[in-house]
Amino acid sequence: MAVKPVNLGVLASGRGSNLQAIMDAIAEGRLDARVRVVVSDREEAMALERARSAGIPAFYVNPRAYPNKEEYEQEILRLLQKYEVELVILAGYMRLVGKVLLEAYPNRIMNIHPALLPAFPGTHGQRDAVEYGVRFSGCTVHFVDEGMDTGPIILQAVVPVEQDDTEDTLAARILKEEHRIYPEAIQLFAEGRLEVRGRKVYIKPKGEEKGEE
Ligand code: GRF
């Protein structure tokens with residue numbers, strides 16, 4: 001059965017390689033979605049460039065131009081609604097999402113984190129894993145709640161940590177997996193197969209995706 005493409009709004013602060021992986025998966029027919037709009041809190045974010053080269057509307061919203069986080073997020077929400085966004089994708093968005101977006105998109109905001117949550121949350125997931133000395137790390141796609149990297153987990157991928165790894169070599173190994181599982185998680189959402197029950201996400205088998213969560 002054909003899947004109706006889900007409208008995505010991507011929030012990104014930097015390089016945008018996950019955004020690129022999502023756009024590539026769509027172009028290659030692996031992901032039933034459309035990136036309708038990209039929003040960044042950084043004017044120089046490469047993610048904005050990538051979107052524009054693909055003909056996708058891309059906006060810089062300067063957080064400092066608003067008196068508080070609520071009003072800043074209201075502006076982002078206005079853009080998301082204008083482009084009829086159904087699922088918000090955080091792709092290297094370096095801010096904690098506040099209540100304006102969380103209330104507008106309950107269990108409709110996804111993030112990718114470069115560690116196996118709940119280990120190593122925060123902004124230095126790869127460095128923290130190397131310094132701790134774990135043998136395995138990886139990445140996690142999860143729904144976003146009010147905490148920092150605390151929401152219900154959708155997919156994870158594991159990579160080995162080698163003895164001579166640096167933050168950069170481990171980050172590169174993890175990034176490959178990020179680019180693989182983020183489009184996969186979004187495809188599960190598009191297929192209506194993700195159901196959040198408490199803090200767990202159940203993945204419905206194919207063919208049983210009827211019924212809203
Ligand atoms: C990725 O490592 C992601 O896990 C983290 O921020 C980084 C973003 O990279 N949340 P990119 O901008 O998608 O290239």
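Me: Why is the crossing of H1 and H6 called right-handed?
Reply: In this predicted model, the crossing of H1 and H6 is right-handed, a term used when the near helix is turned clockwise from the far one by less than a right angle, with anticlockwise giving left-handed. Residues are numbered from 1 along each chain as its sequence is written. Local features need pLDDT of at least 70 and side-chain atom pairs count only at 80 or more, while totals for chains, interfaces and linings use all residues, and side-chain values use heavy atoms, without hydrogens and water.

Me: How do you know which residues of H1 meet H6?
Reply: Contact means heavy atoms within 4.5 Å, and Ser17, Asn18, Ala21, Ile22 and Ala25 in H1 meet residues of H6, including Leu175, His179 and Tyr182.

Me: Why are H5 and H6 called oblique?
Reply: The axes of H5 and H6 come within 9 Å and cross at roughly 120°, and H5 and H6 are therefore oblique to each other. Their crossing is right-handed, and Gln126, Arg127, Ala129 and Val130 in H5 meet Glu167, Leu170, Ala171 and Ile174 in H6.

Me: What makes the peptide bond from leucine 117 to proline 118 worth a look?
Reply: This bond is cis, with omega near 10°, and proline 118 lies in the loop between S5 and H5. Most peptide bonds are trans.

Me: What is the phi of asparagine 107, and where is this residue found?
Reply: Phi of asparagine 107 is near 50°, a positive value in a residue other than glycine, and asparagine 107 is found in the loop between helix H4 (99-104) and S5. Most residues other than glycine have a negative phi.

Definitions and conventions:
Helices (H or I, at least four residues) and strands (E, at least two) are DSSP runs, numbered from the N terminus. Axes are lines fitted to C-alpha atoms, for helices over the stretch in contact, and angles run from 0 to 180 degrees between N-to-C directions. Angles under 35 degrees count as roughly parallel, over 145 as roughly antiparallel, 65 to 115 as roughly perpendicular and the rest as oblique.
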